[in-house]
Amino acid sequence: MDDGRYYIYGVNGPVITVRGGRALPMMSLVYVGDEKIPGEVVSAGGDTTTVQVYEGSEGLGRGGPVFPTGKPMSILLGPGMLSNIYDGIARPLGTVADLAGDFISKGITLPALDLEKLWDVKLAVSEGQEAAGGMIFAATRESDAVEHRSLVPPGLSGKFTQVVSDGLYKVTDTLACVVDGRGRSTPISLAQEWPIRKARPIARRLPITRPLVTGQRVIDTLFPVGKGGCAAIPGPFGAGKTMVQHQLAKWSDADIIVYLGCGERGNEMTQVLGEFSELKDPKTGRPLMGRTILIANTSNMPVAAREASIYTGMTIAEYYRDMGYHVALMADSTSRWAEALREISGRLEEMPAEESFPAYLPSRLAGFYERAGYMETLAGREGSVTVIGAVSPQGGDFSEPVTQNTKRFIRTFWALDRALAYARHFPAIDWTSSYSEYFEDIKAWYEANFGQGFTELRQRILDILNSESALMEIVKLIGSDVLPDDQKLIIETAKLIRQGYLQQNAFHKADTYMPPEKQMAMLEAILYLCDEAKKLTAKSIPLNQLAATGIFSAMYKMKFGLGEGQPKAYFIKLIDDAISQVLAKNA
Amino acid sequence: MRIEYTGLSEMQGSLVVLEGVSGVTYDELAEITLGSGERRCGRVIKIDGGRVVLQVFEGTAGIDMEHVNTHFTGRPVTLPLSKEILGRIFDGAGKPLDGLREVFPDERRDINGAAINPVRRKYPRSCILTGVSSIDAVSALIRGQKLPIFSGAGMSHNALAAQIVRQARTMDGEEQFAVVFCAMGVKNDTAEFFKKDFQDSGALGRVVMYLNMASDPIIERILAPRCALTAAEYLAFRHGYHVLVILTDMSSYCEALREFSSSKGEIPSRKGFPSYMYSDLASIYERAGMINGRAGSVTQVPILTMPNDDISHPIPDLTGYITEGQIVLSRELEQKGVYPPVSILPSLSRLMKDGTGEGYTREDHADLSNQLFASYSAVADARSLASVIGEDEISETDRLYVEFGKRFETEFVAQSGSENRGLDQTLDLGWELLSMLPRSELSRVGDKLLDKYYKGAKRQ
């Protein structure tokens with residue numbers, strides 16, 4: 001065994017020790033065993049290299065063959081990724097099923113792209129034109145909704161030669177060559193490889209100036225996330241993290257959605273796959289799947305691939321960003337990724353830090369979230385990657401390391417609350433502990449798009465909710481009957497805001513998505529009712545007279561009414577009628 | 001040629017170490033023959049050069065380091081399967097306990113199973129009616145789901161599980177139905193209780209039992225659910241059975257996992273449980289489901305006893321993150337004499353929304369369920385207010401809520417262990433109770449359904 005060939009020396013779960021020639025390069029891809037299971041080098045020292053494998057290690061034994069590639073773990077990027085579902089290391093699961101059947105088996109090596117499919121390509125460059133990395137040189141229609149813009153691989157520059165004419169090509173066909181200053185010619189095609197752990201280069205970062213519009217009232221109105229920003233959704237199980245992620249994936253105004261099911265339930269991925277193929281994008285009217293890429297590492301799929309999956313997702317997101325698209329990456333859940341990190345770290349016998357997570361957890365988290373941003377691409381276009389990471393804190397306790405460290409690298413925090421979920425208040429985003437640091441940055445956009453005075457309305461809503469929290473402390477002790485009318489009004493209005501506005505029914509056709517102008521209309525109507533009622537109480541007319549008209553109950557249904565096409569004026573008239581009814585009685 | 005290694009170099013807990021071994025693969029099955037001629041089985045859990053660590057299923061008690069021979073079989077741990085397993089009783093490692101002969105295999109399967117490819121999964125939509133109102137109305141069980149019962153020591157989870165097994169049926173009537181029962185670290189009484197219940201209801205012929213008692217070796221406890229699920233998958237996906245798997249008690253399983261982990265010298269995580277417990281539990285729970293183009297299904301109802309009734313303890317916590325909801329039992333209701341003591345608010349069935357309502361069960365099912373939750377959650381506030389300022393002082397609406405809460409617990413949640421309530425009966429009862437409240441309080445239901453089902457006094 002000393003002929004310089006690498007062989008397996010030890011096996012401990014997904015961690016394999018390799019001996020043979022000199023140590024292999026860090027983070028390089030190796031294939032292990034006769035089945036050629038892919039793995040990555042995670043540490044090296046002396047004559048021993050340690051590899052984590054992306055599939056089960058059952059059946060591997062001492063002396064088994066090891067095939068180093070010398071290359072880092074990479075994926076093949078190109079047209080055909082949209083509408084597709086991949087595992088954690090970018091193998092298309094549909095093709096895996098065709099080859100292996102209903103259950104996932106080991107040792108299948110597959111490129112992310114269909115190498116045989118022909119694409120109708122239009123070339124955007126001509127012979128002799130200057131070429132630069134990141135430049136768009138060809139385009140093809142990848143789905144009904146999305147044009148795939150092929151980019152010159154970053155780092156390449158020179159002049160285009162041997163440019164082919166428009167026509168049908170496979171992803172690996174050479175479409176042109178780039179000849180650099182020293183006369184070296186590099187062929188380029190629709191497909192390019194990129195190492196998943198390396199951020200794709202950009203021209204520069206741009207400030208965040210607009211929100212990711214989600215159609216979810218509590219998010220858009222109170223706690224928005226900027227395009228190119230990062231948000232975290234922590235919550236105990238059953239609080240609705242996955243539902244929020246699904247709603248955002250369905251309705252947010254991103255061009256491309258990368259949905260990453262990281263260590264979660266198999267049925268959930270099946271559900272996304274089925275539902276997204278049927279649902280239509282509100283913007284384009286085309287099936288949502290046409291703008292979506294799914295990555296599935298369900299909780300019973302190999303744990304090492306879970307660690308890699310978020311980088312796979314991020315690399316795909318960056319690739320579409322570089323074409324000039326706004327991409328939203330939903331990672332559900334980052335805690336499972338952190339636990340995968342912990343599991344591998346334990347097997348490597350590294351020194352554990354807090355809760356036995358490795359000490360490098362914060363720097364890995366930072367490295368992931370910092371790949372988000374609003375960028376000017378190498379081609380001079382604007383594109384963004386927005387990251388929305390679910391966090392599953394142990395026991396719903398937000399003081400655990402993953403939540404706490406994540407909080408340092410995100411600026412929007414949607415805290416899901418168990419009590420709200422128990423009362424079936426969805427989305428269960430708790431308005432007292434959630435926050436968004438982006439609002440100040442994107443205020444101008446709101447004033448221009450939601451409507452003049454939005455900032456003030458939002459502040460009033462927050463104030464009413466906060467006053468209610470304080471008042472509820474008293475109500476719990478003495479009941480609400482004894483409160484003065486102006487305080488009762490705060491409680492009534494807050495209840496209306498909570499149940500009539502913040503609560504949103506994801507399964508109700510008319511309520512699942514609400515565009516900005518309707519959100520604004522609702523806010524105005526609710527606060528109009530509050531103002532008019534205040535005028536009544538100022539005249540010492542008891543609030544319960546107004547409540548007896550049923551106007552508050554009617555306003556609870558406003559969200560459905562607006563969704564079904566009733567105008568705001570209808571509700572304003574209801575309010576006016578109720579007020580004049582009360583006034584007439586007291587005249 | 002049969003190679004046997006004589007002697008061991010180390011023993012600890014249920015682990016033994018051999019040196020100078022070659023040609024062995026990870027997760028391979030080994031046969032260990034003691035000096036007395038007794039045979040035990042083990043599994044390779046670590047290879048480090050010529051040093052091989054084995055996990056001995058039956059434990060190491062009585063092994064003499066020098067007088068022992070080990071033979072590696074070259075294959076993983078497999079379970080012999082055939083349709084004959086129906087009606088049989090096995091131990092945690094799949095060996096017969098009922099005095100009958102070994103199963104003559106029609107197939108051998110690796111007990112670790114393989115992950116179902118998400119693109120081939122069939123999304124579960126067919127509702128299983130259990131005849132228990134608190135489950136059917138608000139946390140409905142769906143075929144292919146994994147829905148655990150979170151209980152505590154001394155509560156009536158076993159009676160509830162047995163009732164579910166007796167009464168479970170689907171909307172569209174009877175099909176091939178089987179039960180796989182897996183006991184992990186339970187007392188003999190518990191196993192007897194289930195055996196007797198299956199016998200009395202005439203179900204025994206459709207039941208396969210894997211029993212690992214509290215005094216049996218912990219390694220077999222770790223194998224037991226894997227054997228049970230392998231049998232379930234075989235019956236479901238090979239023979240088209242709809243299999244209901246009862247796993248009890250998952251807390252004992254997790255404790256066995258912890259014991260085993262610490263004997264390997266692994267770095268412990270929360271409360272001493274191994275850091276891979278999430279992945280390990282997922283490798284059990286995720287084996288529920290349905291597959292496109294195959295007739296059968298695997299539905300899991302794992303039972304776990306929450307240590308100190310604490311739902312944030314790692315065992316219920318990690319379980320809740322993997323399973324598709326949970327049915328939580330409440331000690332308070334149990335003490336009030338309510339059976340089944342299902343605590344409505346923390347209970348949840350994630351798949352219910354897609355398997356109930358028009359076209360699946362009844363048009364008002366989903367809205368009614370939502371409204372019952374919302375109204376019952378208001379009961380707690382009204383009660384705590386009443387306890388502070390007195391029941392006479394609270395408002396009329398709060399008084400109605402307190403009244404509603406009382407009737408909801410005693411008439412809706414409570415039912416006898418032999419009462420099989422039909423879906424219509426359950427839903428109508430729900431409406432009857434909601435009709436105690438003013439119509440304006442029912443904001444979760446549309447006017448159309450209220451007009452049809454609400455029977456209370458019309459205010460306004």
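I count a salt bridge when a side-chain nitrogen of Lys or Arg is within 4 Å of a carboxyl oxygen of Asp or Glu. By that rule there are four salt bridges between chain B and chain A. I looked up Asp98(A) with Arg120(B): their closest N and O atoms are 3.6 Å apart.

Ground rules: this is a predicted model, where local features need pLDDT of at least 70, side-chain atom pairs count only at pLDDT 80 or more, and totals for chains, interfaces and linings use all residues. Residues are numbered from 1 along each chain as its sequence is written, chains are lettered from A in the order written, and side-chain values use heavy atoms, without hydrogens or water.

Next, the size of the interface. I find 72 residues of chain B and 75 residues of chain A in the contact (heavy atoms within 4.5 Å). Together the chains bury about 6100 Å² (accessible area lost on being put together, 1.4 Å probe, summed over both), with 53% of it on carbon and sulfur atoms.

Then Thr386(A), which I found in strand β24 (residues 382-391) of chain A (strands are DSSP runs of E, at least two residues, numbered from the N terminus). Thr386(A) counts as buried because its relative accessibility is 1% (buried is under 20%, 1.4 Å probe, protein chains only). A polar atom of its side chain sits 2.9 Å from the backbone nitrogen of Gly228(A).

Last, chain B has an open antiparallel sheet of three strands, ordered β12-β11-β14 (pairing takes at least two DSSP bridges). Ile128(B) stands opposite Thr170(B) in β14(B).

Notes:
Helices (H or I, at least four residues) and strands (E, at least two) are DSSP runs, numbered from the N terminus. Buried means under 20% relative accessible area, exposed over 50%, partly exposed in between (1.4 Å probe, protein chains only). A polar contact is a pair of N or O atoms within 3.5 Å; within protein, one must be able to donate a hydrogen and the other to accept it, and residues adjacent in sequence count only if both atoms are side-chain atoms. Buried area is the accessible area (1.4 Å probe) that two parts lose on being put together, summed over both.
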